[in-house]
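Trainee: I am new to this structure and would like to go through it slowly, one question at a time. Could you show it to me before we begin?

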Amino acid sequence: MNLQIAYIAAAALGRVSSFTPSTISTARQTIFRSASSSTLNMSSEDTITLGIFGGGTVGGGIVEILSNKADYFKQLTGKSIEVKKVCVRDASKPRDFTLPEGCSI
(Lines give C-alpha, C1' and ligand atoms only; values in the text may rest on other atoms or scores of the structure.)
Protein backbone atom coordinates (compact mmCIF):
# COMPACT_ATOMS: atom_id res chain seq x y z
CA MET A 1 0.00 0.00 0.00
CA ASN A 2 1.27 3.43 -0.86
CA LEU A 3 2.43 5.21 2.30
CA GLN A 4 0.91 8.56 1.35
CA ILE A 5 -2.49 6.96 0.81
CA ALA A 6 -2.15 5.13 4.13
CA TYR A 7 -1.39 8.41 5.85
CA ILE A 8 -4.34 10.21 4.22
CA ALA A 9 -6.71 7.43 5.23
CA ALA A 10 -5.37 7.30 8.80
CA ALA A 11 -5.59 11.09 9.09
CA ALA A 12 -9.20 10.94 7.96
CA LEU A 13 -9.81 8.34 10.67
CA GLY A 14 -8.36 10.80 13.18
CA ARG A 15 -5.55 8.40 14.09
CA VAL A 16 -2.68 10.76 13.22
CA SER A 17 -2.47 14.53 13.39
CA SER A 18 1.00 15.41 12.09
CA PHE A 19 3.33 14.07 9.44
CA THR A 20 6.46 12.37 10.78
CA PRO A 21 8.16 9.11 9.82
CA SER A 22 6.60 7.39 12.85
CA THR A 23 3.08 8.49 11.83
CA ILE A 24 3.51 6.75 8.48
CA SER A 25 4.17 3.50 10.34
CA THR A 26 1.15 4.16 12.56
CA ALA A 27 -0.94 4.96 9.50
CA ARG A 28 0.00 1.69 7.81
CA GLN A 29 -0.81 -0.30 10.96
CA THR A 30 -4.16 1.48 11.27
CA ILE A 31 -5.09 0.74 7.67
CA PHE A 32 -4.01 -2.89 7.82
CA ARG A 33 -5.95 -3.45 11.06
CA SER A 34 -9.01 -1.73 9.60
CA ALA A 35 -8.74 -3.46 6.23
CA SER A 36 -10.08 -6.72 7.64
CA SER A 37 -13.59 -5.32 7.18
CA SER A 38 -14.96 -4.76 3.69
CA THR A 39 -14.83 -0.95 4.01
CA LEU A 40 -13.18 1.61 6.26
CA ASN A 41 -15.60 3.69 8.30
CA MET A 42 -14.04 7.14 8.15
CA SER A 43 -16.90 9.52 8.95
CA SER A 44 -20.62 9.91 8.54
CA GLU A 45 -20.28 11.95 5.33
CA ASP A 46 -20.42 10.28 1.91
CA THR A 47 -17.74 12.51 0.36
CA ILE A 48 -14.23 13.38 1.49
CA THR A 49 -13.35 16.85 0.22
CA LEU A 50 -9.68 17.60 -0.46
CA GLY A 51 -7.58 20.61 -1.30
CA ILE A 52 -4.21 20.18 -3.00
CA PHE A 53 -1.22 22.48 -2.46
CA GLY A 54 0.63 22.75 -5.75
CA GLY A 55 -0.52 22.29 -9.31
CA GLY A 56 2.76 21.23 -10.85
CA THR A 57 4.08 17.76 -11.59
CA VAL A 58 3.34 16.28 -8.17
CA GLY A 59 0.07 18.09 -7.39
CA GLY A 60 -1.25 17.46 -10.90
CA GLY A 61 -0.23 13.82 -10.63
CA ILE A 62 -2.13 13.47 -7.36
CA VAL A 63 -5.24 15.01 -8.93
CA GLU A 64 -4.97 12.57 -11.86
CA ILE A 65 -4.40 9.55 -9.60
CA LEU A 66 -7.36 10.46 -7.42
CA SER A 67 -9.52 10.80 -10.55
CA ASN A 68 -8.28 7.54 -12.09
CA LYS A 69 -8.57 5.56 -8.86
CA ALA A 70 -11.92 7.01 -7.71
CA ASP A 71 -13.69 3.64 -7.91
CA TYR A 72 -10.92 1.93 -5.94
CA PHE A 73 -11.06 4.55 -3.15
CA LYS A 74 -14.86 4.26 -3.08
CA GLN A 75 -14.58 0.48 -2.70
CA LEU A 76 -11.86 0.78 -0.03
CA THR A 77 -13.46 3.51 2.08
CA GLY A 78 -17.12 3.56 1.11
CA LYS A 79 -16.67 7.29 0.43
CA SER A 80 -16.06 9.31 -2.71
CA ILE A 81 -13.07 11.64 -2.81
CA GLU A 82 -13.61 15.09 -4.31
CA VAL A 83 -10.83 17.57 -5.04
CA LYS A 84 -12.40 21.03 -4.57
CA LYS A 85 -9.40 23.39 -4.67
CA VAL A 86 -5.86 23.44 -6.01
CA CYS A 87 -3.65 26.12 -4.48
CA VAL A 88 -0.98 27.42 -6.87
CA ARG A 89 1.39 30.39 -7.01
CA ASP A 90 0.29 31.56 -10.47
CA ALA A 91 -3.35 30.79 -11.30
CA SER A 92 -2.97 32.08 -14.87
CA LYS A 93 -0.23 29.56 -15.73
CA PRO A 94 -1.46 26.74 -17.99
CA ARG A 95 -1.60 23.28 -16.34
CA ASP A 96 -0.86 19.94 -17.96
CA PHE A 97 -3.70 18.14 -16.18
CA THR A 98 -7.46 18.40 -16.31
CA LEU A 99 -9.19 19.81 -13.26
CA PRO A 100 -12.01 17.63 -11.96
CA GLU A 101 -15.53 19.00 -12.34
CA GLY A 102 -16.30 21.46 -9.54
CA CYS A 103 -12.62 22.07 -8.77
CA SER A 104 -11.09 25.55 -8.87
CA ILE A 105 -7.58 26.92 -8.78
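Trainee: In which helix is the place of T77?

Mentor: Please keep in mind that this is a predicted model. The protein has four helices and two strands, and from the N terminus on these elements run α-α-β-α-α-β. As for T77, its place is in helix α4.

Trainee: Is T77 buried or exposed?

Mentor: A residue counts as buried when its relative accessible area is under 20%. Because the relative accessible area of T77 is 6%, T77 is buried.

Trainee: Which residues of α4 are buried, and why are they on the same side of the helix?

Mentor: Helix α4 covers residues 70-77, and its buried residues are F73, L76 and T77. An α-helix has 3.6 residues a turn, so residues three or four places apart point the same way. Here the buried residues F73, L76 and T77 are on the same side of α4 because they cover an arc of only 75° around the axis.

Trainee: Which exposed residues does the face of α4 turned away from its buried side carry?

Mentor: Having placed F73, L76 and T77 as the buried residues of α4, we can turn to the face that points away from them. The exposed residues carried there are D71 and Q75.

Definitions and conventions:
Residues numbered from 1 in each chain as written. Predicted model: local features only at pLDDT ≥ 70, side-chain atom pairs only at ≥ 80, totals over all residues. Heavy atoms only, no water. Buried < 20%, exposed > 50% of the residue type's maximum accessible area, 1.4 Å probe, protein only. Arc of directions from axis to C-beta.
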